[in-house]
Each structure stands twice: as C-alpha cells, then as structure tokens.
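Thanks for coming. I have one structure to go through today, and I will keep to what can be computed from its atoms.

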Amino acid sequence: MTFKILKTKNQDGILTITISRPEALNALNTAFFDEMDHLLDDISNDDSVKIIIITAEGKAFVAGADIAEMVNKNSIEGTEFSVRGQKVFRKMEHLDKPIIAAINGFALGGGLELALACDIRLASDKARFGQPEVNLGLIPGFAGTQRLPRLIGTANALWLLMTAEMIDAAEALRIGLVQKVFVPEELIESANKMAQLILGKGPKAVKKIKKVVRKGMEADFDSGSQLEAQEFGTLFGNEGEEGMRAFLEKRKPKF
Ligand code: CO8
C-alpha cells in the first residue's frame, strides 16, 4: 500500500510514525484509518520493529476527526465511521509492541482519542488537549468516552467531555492525561530516549506487561491476577532466569 498520510522511519528498532496532513491539522479521515490499519498489520509481522512512536507534523498532533468528511454522513455512515476508528485504535492496544505518543500540538477530539489508545503519552509544553465534540453537537466516536474515564477518572473525564474545555500540557500532566512534558525541541529526542530505555529491558517481560495490564483493566481483579500469575510463570527458566542470574552475578543481563 502507498502511504500518503503516514511517514515512517525505523531507526534501530524504534519506528517513528509521523502523521502528515498539516494543511487540515492532521484531521483523521478514512484514508488515515486505512493507512494506519495496514501499517499496524505490517508492524505486527515485522520483527525489526520493537517499539513505536506516533507524532505529527505542524502545529497540531491531530485536531480531531475530519469534520469536512463527516458533515454529510447519515446516521448509519456515522456509526460505520465510528466503528472503523474504534477497530483501528483497538488494534493499537492489542499490538504486542509498546506505542508512545509524542504529542507535538493540538490533540483534540479524535486526536486525543488516538493518544488515549497509545500506551504512554509524552507532550510538548505547546500541546493543547480537549474533547470538543459537544461544541459540534457530537460525542466522541473512537471510544474516548470509554478510555478517558478509565485513564483520568470519571469526574475529570465528564468535566472535559461536557465542557469541551481545552487544557494545556501542565494541566494534562496534573490529571494524569500525559506522563511527561518537554520543551518542543526536546520532545522527539525524549520520546526516543524513553523508547531506548524500554528496549533495554527484558523484551518478553515488556510485551507481557502490556498484555497483562491491557487485559487486566478489562477484566475483574481476580481474572487479571490469574493472568498475571500465568504470564509471570512463563518467564521462569526463560528471560527471567537470565535477568535474575545476571543480578546475582553482578553483570548486565543478556536478553
Ligand atoms: N477537521 C477538518 N479540518 C480541520 C479540523 C478538523 N477536525 N481542524 C482543523 N481543520 C482545518 C481547518 O478547517 C483549516 O482549514 P482551511 O485552512 O482550509 O480553512 C485548517 O485545518 C487550519 O485550521 P484553523 O484555521 O482552524 O487553525 P487555528 O489555529 O485557527 O485553530 C483549532 C486551531 C483550534 C485546532 C481549530 O482548527 C479547531 O477548533 N479545530 C476543530 C477541533 C474540533 O472540533 N475537533 C473535534 C472534531 S470531531 C471529532 O473529533 C469526533 C471524533 C469522533 C468521530 C466519530 C466518528 C463518527
């Protein structure tokens, strides 16, 4: 597939995906979801990709779903577009490789929903966040109503969803919407540093962290704990043995 919106660069296992449609502030349209869907399948089968950074070109990360494309949709088409986006974002959560969002600017509506589907969110201090759908007489359609309260709590989510208030990076950090904030020039370098930090850890353990946390958050406590115990066990006589032996032998592990 020829990619027109997504640019990719793989450097030492870190795949940077840059969303590049700055003339529309990287608004998410059908073409974006087609490309992202394909790319995620490619990544899933590509052992040379260990970790992913998603960022964007221009002054926005993503300013939402593409309003110009959505305006003429009827009710059925609206639901279809919502389901399309939900499936692609779900694929990101199920991908067994970590995804870091490097949020360079506006992350609004569907753009914030995209960031919510990533595993870790880093932001520029110029970034702005919001769920402005109610300004348009809409609600989020890419599972933002589900992910946002799970991430920042029901009250904070309802505040952002009902008021459409746009918050800055400091406020986003305060409520746990993003994990770290950097000056714009240091955002990508910092995302790369974090990616390298993760790449230095036990690779099987990192994959299992994502799986157990993601699945556990959707299950009851006991089922999640049971999954944790199973996955914990699989690391013995395996990567975990090497990590523990290395500690005892006072050397670096060879994962
Ligand atoms: N869709 C389409 N085009 C957009 C979008 C968008 N979401 N956002 C910006 N653009 C376009 C503008 O129309 C403009 O185009 P042009 O130059 O041709 O006039 C260009 O990008 C630049 O934008 P602005 O001139 O408005 O830039 P400003 O710096 O003045 O303002 C803002 C930046 C504040 C980000 C402003 O562009 C804005 O408010 N954008 C819309 C934000 C918004 O409401 N987002 C939510 C969209 S709805 C949504 O995401 C729902 C998700 C769920 C969908 C479920 C499927 C059914």
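First, the ground rules. This is a predicted model, where local features need pLDDT of at least 70 and side-chain atom pairs count only at pLDDT 80 or more, while totals for chains, interfaces and linings use all residues. Residues are numbered from 1 along each chain as its sequence is written, and side-chain values use heavy atoms, with hydrogens and water left out.

Start with the inside. In soluble globular proteins, nonpolar side chains tend to be buried together. The largest nonpolar core here has 49 residues, and the members that touch the most others are F32, I54, F89, I103, F129 and L177. Helix α1 gives the most to this core, six residues. There is also a second, separate core of 13 residues, with I51, L122, M194 and V206 among them. By core I mean a set of buried Ala, Val, Leu, Ile, Met, Phe, Trp, Tyr and Cys residues joined through side-chain atoms within 4.5 Å. Buried means under 20% relative accessible area, exposed means over 50%, and partly exposed is in between, with a 1.4 Å probe and protein chains only. Helices (H or I, at least four residues) and strands (E, at least two) are DSSP runs, numbered from the N terminus.

Next, the largest pocket. About 680 Å³ of space lies in it, a volume being the space filled by probe spheres set on grid points that are joined across faces, edges and corners. A pocket is an open set of points on a 1 Å grid over the protein atoms alone, where a 1.4 Å probe fits, with protein on both sides within 12 Å along at least five of seven lines; lining residues have an atom within 4 Å of a point. Which residues lie nearest the centre of the largest pocket? They are E93, D119, V213, R214 and M217, out of 23 lining residues. Two or more lining residues come from each of α3, β7 (120-124), α5 and α9. The largest share, six residues, is from α9.

A salt bridge here is a side-chain nitrogen of Lys or Arg within 4 Å of a carboxyl oxygen of Asp or Glu. The whole structure has 21 of them.

R84 and D37 form a salt bridge with the closest N and O atoms 3.1 Å apart. This pair links distant parts of the chain, since R84 is in helix α3 (residues 75-94) and D37 is in helix α1 (residues 30-44), 47 residues apart. R84 is partly exposed at 25% relative accessible area, whereas D37 is buried at 17%.

The second pair is K207 with D96, at 3.4 Å from N to O. K207 lies in helix α9 (residues 203-217) and D96 in the loop between α3 and β5 (99-103), so the bridge ties together parts that are 111 residues apart in sequence. Both count as partly exposed, K207 at 35% and D96 at 37%.

The third pair is local. E171 and R174 form a salt bridge at 3.2 Å between the closest N and O atoms. They both lie in helix α7 (residues 169-174), three residues apart, or about one turn of the helix. E171 is partly exposed at 23%, and R174 is exposed at 58%.

Now the surface. I67, L136 and L138 make a nonpolar patch of about 260 Å². Patch members have over 30% relative accessible area and no salt bridge; nonpolar side chains (Val, Leu, Ile, Met, Phe, Trp, Tyr) are joined within 5 Å, and like charges within 9 Å. Areas come from the Shrake-Rupley method with a 1.4 Å probe, and for residues only the protein chains shown count as cover. L138 sits in the loop between β8 (128-130) and α5 (144-152), and is partly exposed at 37%.

Last, the loops. N26, in the loop between β2 (14-19) and α1, has a positive phi near 60° without being a glycine. Is N26 buried or exposed? N26 is buried, at 0% relative accessibility. A164 also is not a glycine and has a positive phi of about 60°; A164 lies in the loop between α6 (154-163) and β9 (167-168) and is buried at 12%.

That is the end of the tour.
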